[in-house]
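Student: Can we go through this one piece by piece?
Tutor: Fine, ask away.

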Amino acid sequence: MTQKILSTIQSPDDLGNLSLPQLEQLADEMRDVLCNLIACRSAHFASNLGVVELCIALHDTFDFRRDRLIWDTGHQVYPHKLLTGRFSKFDTMRTKGGLMGYPNPAESEYDLFMTGHAGASVSTALGLASGDELLRKEESRHSVAVIGDGAFPSGVVFEAMNNARRQSEKLLVVLNDNQMSICPRVGGVADYLDRLRINPMYTGLKDEIANVLSKVPLLGDPTERFIVQLKEAAKAGLSGGMMFEDMGFRYVGPIDGHNIGLLRKYFKMVQRIEGPVLLHVVTEKGHGFTPAVADPVLYHAPPQFERRENEIVTLKKSSSRAYTHVASEAIENQLRNNSRVTVLTAAMCQGNKLEKIRDEFPERFFDTGICESHAVAFAAGQAKVGMRPIVDIYSTFLQRAYDHIFQEVALQNLPVTFMLDRGGLAGPDGPTHHGVFDFGYLRVFPNLTVMAPGDAHDLPAMLDFSLKHEGPCAIRYPKAAAVEIDREVAPLEFGKSEVLSWGTDGCLIACGALLPRCVEAATRLRQQGLDIGIINARFLKPLDTEAILRAIRECSFVVTVEEAALAGGFGSAVLEATADAGIDASRVRRLGIPDHYIEHGERDELLADLGMDAVGIVDACKELAGNSIRAL
Ligand SMILES: Cc1ncc(C[n+]2csc(CCOP(=O)(O)OP(=O)(O)O)c2C)c(N)n1
């Protein structure tokens with residue numbers, strides 16, 4: 001398909017020149033571009049297909065250079081990028097230096113916040129509206145949050161709604177209800193939305209509606225009439241949404257989110273309503289591409305696929321086994337062998353590879369929805385009465401639950417196991433998803449044991465250890481292929497590292513899955529005449545000070561290697577221990593994530609840029625070896 005219309009759209013201003021059929025044609029062209037992208041590389045897909053018409057209608061009605069728009073989470077922002085001047089760069093999506101897969105203010109004035117975590121849109125939209133109102137710009141601006149039904153039950157959304165009535169006149173929350181999170185949505189709010197869908201306004205029990213609405217005179221301003229109609233329908237119990245109405249929102253909908261004409265009409269109407277409005281829009285995840293509609297879970301962010309017409313696709317799955325697989329198999333074993341073990345995910349059943357576990361152990365599997373804070377506090381409750389909960393949450397999303405890790409778990413010394421997937425650089429998702437702060441944020445809590453497997457052998461042993469340990473534990477591993485280092489694996493011992501070898505010239509101490517790169521670097525250095533030892537730290541907390549300080553005392557230099565922020569991370573812990581022991585730390589070099597946000601790109605590319613691949617580790621060692629030779 002040629003993008004005859006899309007290629008003429010430089011900005012949303014150009015939409016105003018198009019007729020409704022042309023806008024519909026534009027929607028088809030945008031879908032085609034989305035399909036072409038996924039045929040090149042893995043990216044978010046079904047959610048984007050679902051919001052094409054919604055996006056067109058929003059940009060056609062509002063002026064988001066003046067009005068404010070926040071796409072919650074931001075994974076469904078591709079159509080928005082297509083309409084806001086980024087079509088020509090679209091094929092660079094999610095590649096290093098190219099477009100980001102999430103909103104990015106550096107790319108466009110239409111992207112206000114860089115986002116990637118779910119749930120904050122209503123708060124930020126409310127803050128924008130409140131700020132605009134306080135600054136009293138001469139024209140009033142609208143603030144719009146578009147939020148999916150998966151993100152909607154996040155606690156923070158209700159915190160925002162609880163405050164909306166008092167704080168803004170011009171807030172529109174568009175609830176994009178496609179009945180899916182990544183997996184089917186869960187919980188009481190989901191049931192409530194299902195009930196709203198059977199409301200006569202949506203199902204078209206026109207007689208009933210017409211009967212009530214016929215009381216409203218047909219004369220006068222259409223918006224006024226619309227508002228009176230809404231009130232009449234509410235009085236007659238037909239409009240639904242009373243939960244939102246009771247919270248101070250005018251509830252409108254549900255309406256068909258694939259009908260551009262209807263969407264525009266409703267947007268124009270709600271623009272004129274004073275006070276916060278919740279517009280309930282029903283869409284289909286994957287709309288317009290049959291395989292994605294049939295399997296929206298797989299097509300949420302599918303692997304690259306080959307496209308043949310609209311029906312037949314071949315997915316190019318990666319063959320390598322990832323740490324996530326190793327973790328889910330280890331969890332499954334524990335569930336099988338210990339009836340006290342439970343597992344919790346916060347809406348990431350698919351990402352955490354827990355589907356088999358969900359189906360086999362439904363009573364001990366808990367999907368809380370995108371509610372990480374609740375998941376952690378809930379696990380604490382289970383642990384208190386004698387269960388052994390495993391909280392399986394991506395490193396970056398666990399940040400949401402920080403206070404509960406502290407108060408409900410660590411402070412109580414409860415035996416909760418945290419499995420932090422995607423610890424380290426998350427690749428093409430970029431800065432919102434890199435799990436690089438966890439070493440720093442976990443290390444500060446008394447009682448909490450923090451481990452990072454050096455390779456795939458370590459991970460099941462760490463889980464086993466944690467489930468026998470009387471206190472909370474965290475195990476952190478990356479989004480990467482699960483490499484196994486060929487060695488005689490030392491049994492896991494509390495607070496003990498594994499010394500792979502002692503070297504006479506220097507020592508590499510890895511905390512986590514960059515260990516294989518250290519092994520590779522040491523091999524290369526040996527070929528160049530340097531004898532470098534390797535330590536697999538295994539424990540970030542408690543730190544194996546005995547082995548680590550011995551290395552610092554005995555070797556000409558030590559390099560610590562971690563895929564985590566240097567600030568507060570493993571290397572910091574080593575330097576603290578060195579200073580506490582009164583040892584000179586000047587020959588310790590730390591490799592890790594520097595004090596800035598890391599862009600998106602393939603993990604290997606990013607590691608190479610940061611000097612954290614085997615080449616970078618070799619270079620660091622050679623430089624230090626040169627320095628120490630000169631110092632003699
Ligand atoms: C705090 C947080 N937890 C988990 C995720 C992972 N995640 C990304 S999209 C998504 C599903 C969102 O569902 P919904 O809001 O309904 O949007 P849809 O994809 O259905 O359009 C999840 C769980 C996240 N981005 N942020």
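Student: What is the handedness of the crossing of α14 and α20?
Tutor: α14 and α20 cross in a right-handed way, meaning that the near helix is turned clockwise from the far one by less than a right angle. Helices here are DSSP runs of H or I with at least four residues, strands are E runs of at least two, and both are numbered from the N terminus. This is a predicted model, where local features need pLDDT of at least 70, side-chain atom pairs count only at pLDDT 80 or more, and totals for chains, interfaces and linings use all residues. Residues are numbered from 1 along each chain as its sequence is written, and side-chain values use heavy atoms, with hydrogens and water left out.

Student: At what angle do α14 and α20 pack?
Tutor: Helix α14 (residues 323–337) packs on helix α20 (residues 458–468) at about 40 degrees, and their axes are 9 Å apart. The axes are lines fitted to C-alpha atoms over the stretch in contact, with angles from 0 to 180 degrees between N-to-C directions. Therefore α14 is oblique to α20; under 35 degrees would be roughly parallel, over 145 roughly antiparallel, 65 to 115 roughly perpendicular, and the rest is oblique.

Student: Now the ligand. How many residues surround it?
Tutor: There are 22 residues around the ligand, and the closest are Ser47, His75, Gly116, Gly150 and Glu372. A residue counts if one of its heavy atoms lies within 4 Å.

Student: Which backbone atoms lie 2.9 Å from the ligand?
Tutor: A backbone N or O atom of alanine 118 is 2.9 Å from a ligand nitrogen, and one of methionine 180 is 2.9 Å from a ligand oxygen. Polar contacts are pairs of N or O atoms within 3.5 Å.

Student: And aspartate 149, how does its side chain sit relative to the ligand?
Tutor: An N or O atom in the aspartate 149 side chain is 3.2 Å from a ligand oxygen.

Student: Backbone next. Where is proline 254?
Tutor: Proline 254 is in strand β4 (residues 250–256), and the peptide bond from glycine 253 to proline 254 is cis, with omega near -5 degrees.

Note on methods:
Polar contact = N/O pair within 3.5 Å; in protein donor to acceptor, adjacent residues only side chain to side chain.
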